[in-house]
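Have the sequence and the model side by side as you read.

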Amino acid sequence: MSSVPAKQEPATGDTPPGPPGAMLDVRDLSVTYAADRGPVVAVDHVSFQVDPGEFLGIVGESGCGKSTLLFAIAQLLAPPAAITSGQVSFKGRSLVGLTDSQLAAVRWKDLSVVMQSAMNALNPVRHIRAQFADAMRAHGVRSKTEIADRSAEVLRMVGIDPVHLRSYPHQLSGGMRQRAMIAMAMLFTPDLVIMDEPTSALDVVAQRSLMVQIKELQQRLDFAVIFVTHDMSLISHFSDRLMVMYAGQVAEFGDTRELFDRPLHPYTAGLMDAFPSIRGPRRELTGIPGSPPNLATPPPGCRFEPRCPRAMERCAAVQPELYQVGGTDVRCLLHEDGAAHRDSTGEEKTA
Amino acid sequence: MTSTSEPTANGTALLRTDKLTRHFRIGNALSQQTLHAVDEVSLTIGEREIVALAGESGSGKSTIARLLAKIYKPTSGETYFQGKPLSGFRSRADRLRYSGLAPMVFQDPFASINPVFRVSHGVLRGLKLHRPELSRDERYAEARRVFEVVGLTPADEVLERFPHELSGGQRQRVGFAQALAMKPKLILADEPVSMLDVSIRIGLLNMMADLRDSQGVSILYITHDLASARYVADRLIVMYAGRVAESGPAEEVLGNPRHPYTQLLLSAAPDPRAPLGVGAETDRGEPPKVIDPAPGCRFRARCPLAIDKCHQVTPELSQIRPGHQAACHVAEEGAEVKAFG
Amino acid sequence: MAMMPVSGPTTAPPAGLPDQALPVPTAGRRSQALSRLVRAVRSNRKATVGTVLLVIFILLALFPGVIAHKSPTATIYPRSLGPSAQHLFGTTALGQDIFAQAVYGTQQVLVIAFGVGLLTTGIAVLIGVAAAYLGGAWDGVLNLITDVLLVIPLFPLLIVIATYVQNAGTAVLVVVLTLTGWSYTARQLRAQALSLRKREFLEAARVRGERRMYIVMVEIIPTMTSLIVASFLTNALYAVLFGSSLQFIGLGDPNSVSWGTMLYWAENNAALQTGQYLWAIVPGALIALLGAAFALLNYAFDEIGNPALRPVRRIRVKRAG
């Protein structure tokens with residue numbers, strides 16, 4: 001379950017399969033943008049695996065590279081962005097370098113994507129039924145009855161009355177449209193669904209009910225989910241494992257509850273501390289002052305160092321690797337080699 | 001509304017609205033309908049206090065901000081600022097003076113500053129308009145002062161920058177600096193942190209509390225996020241579908257919510273430190289668009305406690321405890337209100 | 001852009017410290033803007049070519065005597081000569097030096113181009129933006145005027161006006177072209193101003209207490225610079241083409257020196273049919289070149305102003321194995 005990056009040769013075509021059981025194997029993935037002033041590495045050597053039926057959350061703020069990572073996995077990157085190293089294997093087969101027609105066999109059947117503001121991705125001048133039919137016909141389903149039945153079934157799965165198949169998108173509320181997009185992603189019961197901030201455009205109550213729905217569906221149909229969001233408190237209730245990204249790199253990665261109870265990376269700790277509590281004692285918080293680094297000229301050492309309340313002298317010069325502490329990976333010199341160190345209370349902590 | 005005068009944090013009402021209402025006509029020539037964006041909202045804001053106006057989209061909170069900033073004219077009702085009615089501010093001098101006393105800070109840090117000019121432009125213009133007695137050097141000194149107060153240091157350097165050279169959080173601080181330069185009594189902040197990264201929000205919320213303490217400014221903090229409202233506000237007003245659902249001291253309202261909608265909002269607000277207790281039946285509804293509404297409580301369709309009266313009579317705000325009011329028939333009758341969570 | 005944190009990073013930042021990592025400021029304002037412009041022009045191929053062409057034409061117009069040593073109007077040379085060392089493009093059937101005519105003709109064409117460009121854009125900005133921002137009755141009236149002019153077919157209108165005026169000199173041509181040309185641009189600018197109207201910084205200016213006219217002049221118009229520059233270039237192009245066309249059909253002043261009048265005389269003397277090709281081709285080619293210069297600059301400005309339109313770079317992916 002850990003993801004220590006090994007030095008691997010990036011390869012195309014069929015790769016030896018990853019660890020048995022892993023449905024998605026991302027290794028050493030890097031994405032670079034050809035910007036005006038020089039190349040910008042938006043995703044820097046990210047590795048992780050997703051097991052069947054697992055709910056993986058990817059959390060980070062704007063500019064951390066989480067959306068770019070998602071696009072790279074789904075092979076949706078377009079120039080000026082491109083994958084410059086690493087490997088993405090789905091069910092043992094590499095996705096990088098496949099042509100569109102080869103990808104089409106995988107897309108939507110085994111792997112589907114729900115984008116941010118997907119509710120705006122619906123064609124405003126056609127009703128829902130037509131759009132579902134389009135998607136199914138594009139993947140070889142011809143029979144009208146089958147299309148109609150399946151459309152109604154997936155709508156019911158997300159809690160929408162199938163009578164809405166006849167509606168136009170503007171006749172549905174924002175929450176319903178988002179559910180419709182998720183239903184569309186379910187048409188072929190894929191094994192992996194990738195979601196990019198599907199709830200961020202919704203109000204708090206609709207957000208929560210949609211999350212519950214997704215989790216229910218996932219447990220019922222047993223598909224894996226990669227869920228990208230900036231809302232850490234929301235995802236904490238639903239994900240099995242959580243990956244925190246910062247400035248294009250993985251900062252911390254491990255079991256969700258572990259991460260929340262004992263955040264190892266100062267960024268994770270700072271992030272959690274930046275959420276004022278709605279219940280519990282009221283106290284003054286500091287957030288994380290400062291801004292993420294400019295990825296066109298990343299700093300020589302740790303990328304979080306300028307904002308880190310626990311930075312040491314070496315942090316500005318040495319780039320931390322991902323170290324393993326128990327079941328969690330953390331990119332921080334404080335946990336180098338799982339060595340013993342003292343935290344702020346003076347207690348000694350070992351790996 | 002029941003005229004229980006709410007004791008505010010410091011006694012005097014800086015701003016008071018009386019049944020403020022704003023409707024919009026929608027539809028075409030054939031079918032005219034009226035959208036009730038804000039209905040009969042009576043609220044008060046005292047000196048040196050932060051009042052949070054919380055609600056989801058469509059609740060009317062942004063419309064209230066614009067009514068108070070005199071961007072919209074009310075359909076009916078009145079707003080009193082320092083005792084004087086806003087409708088009486090007709091002359092350009094009056095309106096200018098009011099806009100200096102109650103300036104607005106906008107939500108989108110990328111759209112609320114003119115990208116063509118340096119960030120000093122807005123502040124200096126504001127000073128020129130509202131404090132004409134200052135000389136050019138004094139204006140610049142004042143611009144530097146307010147930039148320092150909001151934490152944009154070194155002020156001289158930041159003043160010379162263009163908006164695209166600043167981060168979202170910095171741009172929002174510029175918005176507050178612009179407001180401060182006019183020596184306001186009340187800042188109308190329309191979702192000032194919603195579009196910022198989470199790690200930056202706290203810094204701005206702390207700054208807002210500091211403005212209240214050190215500059216003596218009141219702030220109307222409009223938000224959809226109850227947690228941040230709790231963090232920074234003295235009093236909390238919860239809106240639903242254009243009407244006030246509940247209002248009172250922030251801790252009191254959140255600790256002892258009496259309106260079922262407030263309870264729903266509380267139960268839906270995620271808190272990472274709370275245990276994983278996600279219920280299976282969660283309310284799925286969304287706030288209604290209030291078009292030509294019939295009388296009755298607008299929350300009745302989603303409320304598990306709705307009684308007959310809720311379908312017939314629109315509830316008014318009634319006092320639950322001193323300072324704490326809720327517009328709910330069930331709560332009014334003193335019954336134990338435990339709808340959600 | 002190097003990032004420089006403003007306060008010490010190794011201790012816990014105090015609460016309330018602004019969220020910033022400011023870039024280091026560089027040289028003064030004017031030189032910065034100028035060097036940015038130069039860099040933009042050099043990096044974009046369309047801009048480079050267009051600028052070079054335009055500069056050449058401007059130089060020709062400013063210092064015609066330096067390039068062409070003969071008089072453009074004198075009919076003293078032998079008629080209908082082919083190209084030679086003395087007469088680079090030959091002579092006309094009336095004994096004039098074609099090269100000299102071409103060079104001196106640049107003046108009038110550029111005057112018309114820039115004159116019409118500036119005037120039409122100026123009027124269009126005022127009317128279009130005012131209509132958008134003032135709204136209401138103002139918008140209605142201004143729109144009516146704009147639309148009426150827009151609907152009238154352009155070329156027939158030009159012909160009617162020019163015929164009425166007879167022998168239209170430069171000034172008249174400029175006025176005629178301006179009057180017929182501003183409405184299209186006004187519509188465009190109005191549309192853009194309308195979309196800008198919703199931008200919050202305009203609301204912020206209003207809430208600040210600015211007067212409406214101030215907002216239009218100072219807040220809106222500067223943010224529309226790229227569209228305004230594009231309009232100028234488009235109108236200049238339009239002036240070159242339509243102005244020359246009017247002169248070609250004889251509505252201009254046939255005694256003036258201009259590419260359009262050259263075409264007029266060439267046509268009158270059946271230049272193409274009688275083998276005097278250069279007489280017709282040279283002015284035509286020059287019109288095309290100048291038009292191309294304006295068009296290229298127009299595209300280039302679009303690309304510079306809107307990064308989404310730029311040619312997309314590709315990362316060269318090095319894959320091992």
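Chain A splits into domain 1 (24-247) and domain 2 (259-349), with bounds that come from an automatic or database domain assignment. Bear in mind that this is a predicted model, where local features need pLDDT of at least 70, side-chain atom pairs count only at pLDDT 80 or more, and totals for chains, interfaces and linings use all residues. Residues are numbered from 1 along each chain as its sequence is written, while chains are lettered from A and ligands numbered from 1 in the order in which they are written.

Taken over C-alpha atoms, the centres of domain 1 and domain 2 of chain A sit 30 Å apart. Their contact draws 15 residues from domain 1 of chain A and 15 residues from domain 2 of chain A; two residues are in contact if their C-beta atoms, placed from the backbone, lie within 7 Å. On the domain 1 side, strand S2 (38-50), helix H7 (232-235) and strand S9 (241-246) of chain A each give two or more residues. Helices (H or I, at least four residues) and strands (E, at least two) are DSSP runs, numbered from the N terminus.

Now for chains B and C. Chain B puts 34 residues into their contact and chain C puts in 22 residues. Helices H2 (92-101), H3 (120-130), H6 (168-181) and H7 (198-215) of chain B each supply at least two residues of the side of chain B that touches chain C. H7(B) gives the most, five residues.

Here are the two sides by class:

| Domain 1 of chain A, touching domain 2 of chain A | ten residues | four residues | one residue |

Ala, Val, Leu, Ile, Met, Phe, Trp, Tyr, Cys and Pro count as nonpolar, Asp, Glu, Lys and Arg as charged, and the others, Gly among them, as polar.
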